Amino acid sequence: MESNLGATEHTSLTSSARILVLEAHPALRVVLAQRLRQDGYLTAGVSTAHQAIQVCANEKPDLLVTTELLEDSTGLRLA
């Protein structure tokens, strides 16, 4: 699981401006997270719905950015 808070690999979100990026494609997930960090947000990235559910339950991100097509679910099912 990739989770990004300014470094490459972390697994938690720890700020008031926290965005979780749920994207199966690694390169797109990294680009989205980097762009959001450039805009001043703290980001974490995961590749599956299962990982996103775990991070959301434990860390309570402010926003989840997701795609519709995922390996283990759809982004719409998480809503």
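## The salt bridge between Asp 62 and Arg 18

In this predicted model, the side chains of Asp 62 and Arg 18 form a salt bridge, with a nitrogen-to-oxygen distance of 3.6 Å. Asp 62 belongs to the loop between helix H2 (49–59) and strand S3 (63–66), whereas Arg 18 belongs to strand S1 (residues 18–22), so the pair ties together parts that are 44 residues apart in sequence. Side chains of opposite charge can pair when their charged atoms come close.

The two partners may also be described by their accessibility. Asp 62 has a relative accessible area of 46% and is partly exposed. Arg 18 has a relative accessibility of 14%; this residue counts as buried because the value is under 20%.

## The salt bridge between Asp 39 and Arg 35

The structure contains two salt bridges. Besides the pair described above, the side chains of Asp 39 and Arg 35 meet in a salt bridge, at 3.6 Å from N to O.

Asp 39 is partly exposed, at 44% relative accessibility. Arg 35 is likewise partly exposed, at 49% relative accessibility.

## Pro 26 in helix H1

Helix H1 (residues 26–38) includes Pro 26. This proline has a relative accessibility of 48% and therefore counts as partly exposed, since the value lies between 20% and 50%.

How far apart in space are Pro 26 and Val 46, C-alpha to C-alpha? The distance is 8.9 Å, while in sequence Pro 26 and Val 46 are 20 residues apart.

Terms used. Residues are numbered from 1 along each chain as its sequence is written. This is a predicted model: local features need pLDDT of at least 70, side-chain atom pairs count only at pLDDT 80 or more; totals for chains, interfaces and linings use all residues. Side-chain values use heavy atoms; hydrogens and water are left out. A salt bridge is a side-chain nitrogen of Lys or Arg within 4 Å of a carboxyl oxygen of Asp or Glu. Helices (H or I, at least four residues) and strands (E, at least two) are DSSP runs, numbered from the N terminus. Buried means under 20% relative accessible area, exposed over 50%, partly exposed in between (1.4 Å probe, protein chains only).
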